[in-house]
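Here is a friendly briefing to read alongside your model. Have the sequence and the 3D view open as you go.

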Amino acid sequence: MGVIKVTLIATIMVCMVIIGSHAEATLTCEQVTVWLVPCISYAVLGGNVSSLCCQGVHSLNAAYKNADDRRGSCQCIKDRAALIPGIDYNRVNQIGDKCGSKCPYKVYPTTDCSKVK
């Protein structure tokens, strides 16, 4: 009977750790990409920034929990932007202002995202 109680307690503790770790999950590059895909047309072609792009920017900024989130999203944006032919990094870095949202970093091919705070 004692072994069953120890096993049950251990199982409950493992479940609590798993649930706790999911509650503090950081941003993924996939999440960042989904939010910012609507911004690609402006970054390449110019014109007007779409409302969907601005919604994505606001969602991203609201999702930052810590500096690791900001560094990770910076690296994600930098890596994914490099794959887009014709991207204009000056336009990329104007999007936050055009959406009325402050971006905690600027993204260029030479940006060192490890220094983002």
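**Disulfides, core and a helix in brief**

Counting the bonded cysteines along the chain, the disulfides of the protein follow the pattern 1-6, 2-3, 4-7, 5-8. This is a predicted model, in which local features need pLDDT of at least 70 and side-chain atom pairs count only at pLDDT 80 or more, while totals for chains, interfaces and linings use all residues. Residues are numbered from 1 along each chain as its sequence is written, and side-chain values use heavy atoms, with hydrogens and water left out.

**The disulfides**

- The structure holds 4 disulfides, a disulfide being a pair of cysteine sulfur atoms within 2.5 Å.
- Cysteine 29 and cysteine 76 form one of them, with sulfur atoms 2.0 Å apart. The torsion about their S-S bond is about 75 degrees, so this disulfide is right-handed.
- Cysteine 29 lies in helix H2 (residues 29-36) and cysteine 76 in helix H5 (residues 67-81), so the pair ties together parts that are 47 residues apart in sequence. Helices here are DSSP runs (H or I, at least four residues), numbered from the N terminus.
- Cysteine 29 counts as partly exposed at 23% relative accessibility, whereas cysteine 76, at 5%, counts as buried. Buried means under 20% relative accessible area, exposed over 50%, and partly exposed in between (1.4 Å probe, protein chains only).
- Cysteine 54 and cysteine 99 form a disulfide with sulfur atoms 2.1 Å apart. Their link is left-handed, with -80 degrees about the S-S bond.
- That pair links distant parts of the chain, 45 residues apart: cysteine 54 is in helix H4 (residues 51-63) and cysteine 99 is in the segment after helix H7 (95-98). Both cysteine 54 and cysteine 99 are buried.
- Cysteine 74 and cysteine 113 also form a disulfide, their sulfur atoms 2.1 Å apart. The torsion about the S-S bond of cysteine 74 and cysteine 113 is about -65 degrees, so this disulfide is left-handed.
- Here too the pair links distant parts of the chain, with cysteine 74 in helix H5 and cysteine 113 in the segment after H7, 39 residues apart. Both cysteine 74 and cysteine 113 are buried.

- Cysteine 103 is partly exposed, with a relative accessible area of 38%.

**Tyrosines and asparagine 93**

- The structure holds 1 aromatic pair. The rings of tyrosine 89 and tyrosine 108 have their centres 6.4 Å apart and their planes at 35 degrees, so the pair is tilted.
- For such a pair, rings of Phe, Tyr and Trp (its six-membered ring) have centres within 6.5 Å; planes under 30 degrees apart count as stacked, over 60 as edge-to-face and the rest as tilted.
- Tyrosine 89 counts as buried at 15% relative accessibility, while tyrosine 108 is partly exposed, with a relative accessible area of 32%.
- Asparagine 93 sits in the loop between H6 and H7 and, at 11% relative accessibility, counts as buried.
- Leaving aside neighbours within four places in sequence, asparagine 93 is in contact (heavy atoms within 4.5 Å) with Lys106, Val107 and Tyr108.
- The side chains of asparagine 93 and tyrosine 108 make a polar contact (3.5 Å). A polar contact is a pair of N or O atoms within 3.5 Å; within protein, one must be able to donate a hydrogen and the other to accept it, and residues adjacent in sequence count only if both atoms are side-chain atoms.

**The nonpolar core**

- The largest nonpolar core has 26 residues, and those with the most contacts inside it are Leu36, Val49, Val57, Leu60, Ile77, Ile95 and Tyr105. H4 gives the largest share of this core, 5 residues.
- A nonpolar core is a set of buried Ala, Val, Leu, Ile, Met, Phe, Trp, Tyr and Cys residues joined through side-chain atoms within 4.5 Å.
- Not counting residues up to four places away in sequence, leucine 60 touches Leu27, Val32, Trp35, Leu36, Ser73, Ile77 and Tyr105.

**Helix H5**

- The buried residues of H5 are Asp69, Ser73, Cys74, Cys76, Ile77, Lys78 and Ala81, and their cover includes H2, H4 and H6.
- Asparagine 66 caps the N-terminal end of H5, with a side-chain oxygen 3.1 Å from the backbone nitrogen of aspartate 68.

Key
Helix = DSSP H or I, 4+ residues; strand = E, 2+ residues; numbered from the N terminus.
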